[in-house]
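We will go from one stop to the next, with a note on what to pick at each.

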Amino acid sequence: MRLDPFKLAHWANARKITPPQLAERAGVDPALVTAMLSAEGRDIGDEVAAAIAEALDLAPAQLDGSGAHGLTAIWQSADELRATHRPIQRDGIHFYNYYTLAAPPGHVAPVILDILCPQDRLPALNKGHLEPAITVNLGPGPIHGRWGEHLDESTWQVIEANQDQDAWIVGESYIEPSFCPHSYSLASDQPARIVSYTGQANLAPLVEEANTWGAPAFDRFAKVLGSDLAPGALADLVLAARGHDRASAARAAGVPADQAGPAFDGEPGGLDALRDLCSAVGLDYRLLLPPVRRHDAVGKTYLSLTDSRETVRTFQNYTVASMASAPHLPDLVGLFVRVHGEGGAELAEPNETLYLVSCGEVTLEWTDASGRLQSRTGGPDDSVWVGPYVAHRWSGDGALLKLSSGLHVNSLDLVELTNTYAPDATIRRAHHDVQGWGYE
């Protein structure tokens, strides 16, 4: 396997094992461990990898460095998109055709679906998935969306496509939460396609962790979540972990007891008291702010063509319009982008960005890992993956769908960074860090 030197250095530091001690415990040449800790990384035999991992009380996969490095952009042509075609059978019929857009190996890419279930047939539901998703009707025709067994205004709805002059806003869009059953059928004699992006699930690491717990522990955890973690219930939970209740927190902060209860319960006007209370016991007060909800009865957030048109605006040198968005899924972002002219402004996003060319001919310029300028020109159904903070710009005459899910720097990361002492210095020191913690 290819050993990642930065993971090796991290775990040696975490275990407080010096390189000579690691070599001795693993039964390998100390010079080999020194070489493993060089920034270039190296391929090592499986037996050596297993010995190093065992010495650090790890699985070998935790030191694996075989993933993609230095990628800046991946362009996939329309012909390459069509080569990913695979038919899907459901409910006894040819239900969808799936196609995969550009993405690096191991990443979740958006997919295009040909909607084939006829309009006179109720589409069979799937079972949903952990990852939330953003979905857009690419047209040319309308489709029916279904999100539940019982049909009502939340679970059965027409998703329109745009055939008017502003067709760069290709159609209506919506965001669905985790494990929302969904399915689609045609809503006219016209064919139709959708693009669907099952983005990053911020809950995935927690779900993976909880899968290792015993049943009694998991059941207690699930019961805690039964409160929907309203501010008051969450406050009691995190205070108890610190040996506090509301009264002792109020005494520690010098806050009157009659102000502490309303502040912890998220009542209006209690923000100053909440800050003082949380500061005194070592909590980030933002955790206890009431969340904002904007979704329907099944958890989805919809944006009609009319509402999307009302968002049209100039952003730098582009004309853009919003897709559906939701404050409870802040990392799932979609945008319609109209490209016109040769002066497209430079973009550099905090996360990977996925583009689908919807019309016209456009050119992408980007800076590769060596700092060289690269470019590629294409048209409809070409797709592009651009890495986080990779400088790029579009020019030409056409339109794009732009999607992102917070895979690299998500909202939880940003909260953590705002809490980090000297974040710039911390990240710079941590980047490609193969230093020990100071003892040999």
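Predicted model: local features only at pLDDT ≥ 70, side-chain atom pairs only at ≥ 80, totals over all residues.

Residues are numbered from 1 along each chain as its sequence is written, and side-chain values use heavy atoms, leaving out hydrogens and water.

**The sheet.** Start with β8, residues 143-146. It belongs to an open, antiparallel sheet of three strands in the order β9-β8-β11. Strands are DSSP E runs of at least two residues, and two of them pair if DSSP finds at least two bridges between them. Between β8 and β11 there are four bridges; to see one, select H144 and its partner S185 in β11.

**The cores.** Next, pick I112, F336 and L401, which have the most contacts inside the largest nonpolar core, a set of 28 residues. β7 (133-140), β12 (192-198), β17 (353-367) and β20 (392-404) each supply at least two residues of this core. A second, separate core has 20 residues, including A23, M36, L37 and A49. A core joins buried Ala, Val, Leu, Ile, Met, Phe, Trp, Tyr and Cys residues through side-chain atoms within 4.5 Å, where buried means under 20% relative accessible area (1.4 Å probe, protein chains only).

**The helix.** Finally, select F218 in helix α7 (residues 215-225); helices are DSSP H or I runs of at least four residues. Is F218 buried or partly exposed? Its relative accessible area is 41%, so F218 is partly exposed.

Notes
Buried < 20%, exposed > 50% of the residue type's maximum accessible area, 1.4 Å probe, protein only.
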